[in-house]
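Hi everyone, thanks for coming. Let me put the structure up on the screen, and then we can walk through it together.

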Amino acid sequence: MVQLKPIILWLLLMTALHGFAQEKRTYTTKKLTGDAPAIDGRINEEAWAQVEWTGDFTQKDPYEFANPTQNTTFKIIYDDNNVYVAIMVNYNDLSLIERRLGRRDSFQGDWVAIAFDSYNDGLTGFSFGVSAAGVKNDLIVTNDVNSDDTWDPVWFVKVGSVDSGWVAEMKIPFNQLRFSNTDNELVWGLEVMRQLFHNDEFMVWQMVPNESSSWVGMWGKLQGISNIRPRKEVELVPYLMGGLKKSERVDGDPFQTGTAWEYNAGLDGKIAVTNDLTLNFTINPDFGQVEADPSEVNLSAFESYFQEKRPFFIEGSNIFNFSISNGNGPTGMDKIFYSRRIGRQPRHWPEITDKEYMEVPEFTRILGAFKLSGKTRNGWSIGVIESVTNQEFAQIDSLGSRRKEIVEPATNYFNVRVQKDFNKGNTTIGGIFTATNRFINDSALNFLPRAAYTGGIDFAQYWQDKNYRIRANAIASTVQGTPESILDLQTAPQRYYQRPDVGHHRLDSTLRILSGWGANVEGGKIGGGHWRFGERVTAISPGLELNDQGFIRRADFITQATWLGYEIWEPFGIFRSLSLGIEEWAGWDFSGRFLYWGTSAYGSARFKNYWSVKTGVNYSGYDVDRPALRGGPALIAPGHWSAWLGVSSDDRKKLVFEPELEGGYRSQGYGGWYEAGLSVSYQITNALQVSLEPGYHFGDQYAMYVETIRVNNRDQYLVASMKQHIASLDFRIDYSLTPDLTIQYWGQPFLFSGDYYQFKKVIDAGNFDVKNQFHVYSPDQLEYNSQSDTYSVSENGDGIIDFSFENPDFSFFEFRSNFVVRWEYIPGSTAYLVWSQGRTGDTPNGDFTLNDHLNHLIDVNPTNVFLIKLSFRISR
């Protein structure tokens, strides 16, 4: 008989030891009784003698729970206005110190950080870090694990050398934190971190196990702070900007004189409305220092998604995130709020005669915007954005006579997001509402909706130390406008109501309102052990429309996905860490028609020599390609295989390279593709880094849409095979003279060629013998005219021309670059010197010849923009 008593005693012992290992540590600080320390990187003032050094850090990576290889200690003191932190960063070999300069938040080289959960809610953390070279790294953590490094508080830090290593001395104003206004002693969450570059070791003061899906909720405690009051910050940052634009002079065009002077002024501000809520605002903002979007050629039916780069919209943007789902499928980028809609390029393009010239603004000017955000002490997270954009006009010159035509109406964008957490963040319930109202008073803009409203609710429940989770959300939209604008939405790529093979929705040219809904439910295991798994189901009704203030690519589908993963974070064998996963997915439309399915297996590993690899293979079954014919019947694309492989060398070295290969092919001779990329970076000095990222893509597609032509009162859909070549090179230089003075250069030549051949017409869309969907035109039926660069089609091959179409072959080449000098001459006040250059051209030739394309690019006259921008922070 098994003796249960020893087993029970052993289990109790293990439970006690586990509980001891997870016990929360406490640090007790003291209030200053004398002069505050000078922030100079020297811990030699009497103020620092009032508290003792403390340490006993634990290694989190790579050897969990092990003793760190280097010693770290810290002190915390405070006065009425600031909290002061000293971190002693010791080494047993000073040659191991890695001091790399970079821009703020670059987290390069060795660094330390301290983080406070001043709400003491186990969900929100404010982190302040600094590298051995003195570069600031700061971020805010929301919902326990979501990091946002766009948060740039105003605080002070200096690093200095000591015999045993280096020291970081910080002063963090209380007005940069949020905490309760109380007479009682405050208790905050506390974590102190250190990263060693030479062996990629990460250590923490309060150990948080790698298997945990919680972060802020596992921090230790800071006590001893009392008799302080929250400080309501008021910050004003006016700016001045002046610039010069030089471009090619066009004879006869009064708008293309070759020289244009630019100037602007505005105001950014921040006001602490309450202890918990902060109001950020901007009046007439300018984003001339922001890096340009990368070049691309988009041959799909859908618009491209670009990341937000404008500081006002990215700082603190986490609270406004409301994605339809969190997967990588057709809804991966879809969201209710997409801030790039605000200030977008005007969408109306007036028609002009041959003797007229026109100038259209590149972007819609933002007259003003404000953002109210924060979290209350009782768990309410609140975010409000209100923006107003200008009415924009095109200037048209007709033989010296000028007139204006409207191209974009004045528009108001409103967004409110709330979320409430319960039970120490294990339950969250929230909602979002957006309103877009356009003030249209010209019939030329009737194609735009006058009003668009979206709303959503979301819910999340965690249990077993947040290792298991269920999340759900539901959204709804309604768009109002003229029948013309609603018809445009019905025939847009998101839904294509006009498709002849659809019976569960219909085109209605009389509608003035379009409404729809969406929902997502997902659940799974996200922590606690090595295994992870989950299931997700998403539904998007045909009428859901988010693109006035959000982003949506496709509607009318139901999709499900299942995934299973296994992670090992403890080094073993040749591995430092290992991650493996498999997943499957499938989709249907709202009529129940099966659209697609697929499965993949993937993995990534980091080796003990600090190299890493990632690889995977994917198989997708047939795809009902609904947008392929731009409103025509859906085509069937056969199943395809794809695979990828990426390798990264030791990222601790000065020279780091990362080659990547990816490719795939479709069955039934339907085409294939491959691409190769390489990222190479070289740390020339601790202050200077150069990187190159060349890439090449080749694709051969059997059925690329060309044109829809009306023949004998019927739509004829033309497609062709197409060979596609893309070559690009990203080139960057990062030079940091000091932590506050940096020089950055980015340049990208981009070359594209599309060569169309074997033209076809669609005769049996939906045939699973996919090539029988088309009739390939024979030489007797298709004739090319090189003088007009057109094709003529004789359906019967008798020489009688039934219709003609332009040769779709083309090549596109572009060069974009930004040179930015940034100097934060005092905390919060910045000066910019910017030089941007652009070259863009194209040719009606689909042949890809690298030398010819580069020569064409060099021959294009550039557009150069030079600007100086100066801001000055005024605070109280």
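**A nonpolar patch, and the strands around it**

Let's start on the surface: Trp611, Leu655, Phe657, Leu678, Tyr682 and Ile684 make up a nonpolar patch there, with about 500 Å² of accessible area together. A patch here takes residues with over 30% relative accessible area and no salt bridge, joining like charges within 9 Å and nonpolar side chains (Val, Leu, Ile, Met, Phe, Trp, Tyr) within 5 Å. A salt bridge means a side-chain nitrogen of Lys or Arg within 4 Å of a carboxyl oxygen of Asp or Glu, and accessible areas come from Shrake-Rupley with a 1.4 Å probe, where for residues only the protein chains shown count as cover.

Before I go on: this is a predicted model, so local features need pLDDT of at least 70 and side-chain atom pairs count only at pLDDT 80 or more, while totals for chains, interfaces and linings use all residues. Residues are numbered from 1 along each chain as its sequence is written, and side-chain values use heavy atoms, with hydrogens and water left out.

Helices (H or I, at least four residues) and strands (E, at least two) are DSSP runs, numbered from the N terminus. Tyr682 sits in β37 and is partly exposed, at 39% relative accessible area; buried is under 20%, exposed over 50%, and partly exposed in between (1.4 Å probe, protein chains only).

Now to the sheets. Five strands form an open, mixed sheet in the order β2-β4-β5-β11-β10. Its edges are β2 (30-31) and β10 (156-162), each pairing on one side only. Pairing means that DSSP finds at least two bridges between two strands. Inside, β4 (residues 72-78) runs antiparallel to β5 (residues 82-90) over 7 bridges, with Thr72 partnering Val89.

Then look at β15 (residues 234-246): 13 bridges join it antiparallel to β16 (residues 259-272), with Val234 opposite Ile271. β15 also has 8 antiparallel bridges to β47 (residues 863-871), where Leu244 meets Phe866. Another 2 go to β48 (residues 874-875), again antiparallel, and there Leu236 partners Ile874.

Zooming out, the chain has 4 helices and 48 strands, and buried residues make up 50% of its 876 residues. Its C-alpha trace spans about 100 × 85 × 55 Å along the principal axes. Thanks, and I'm happy to take questions!
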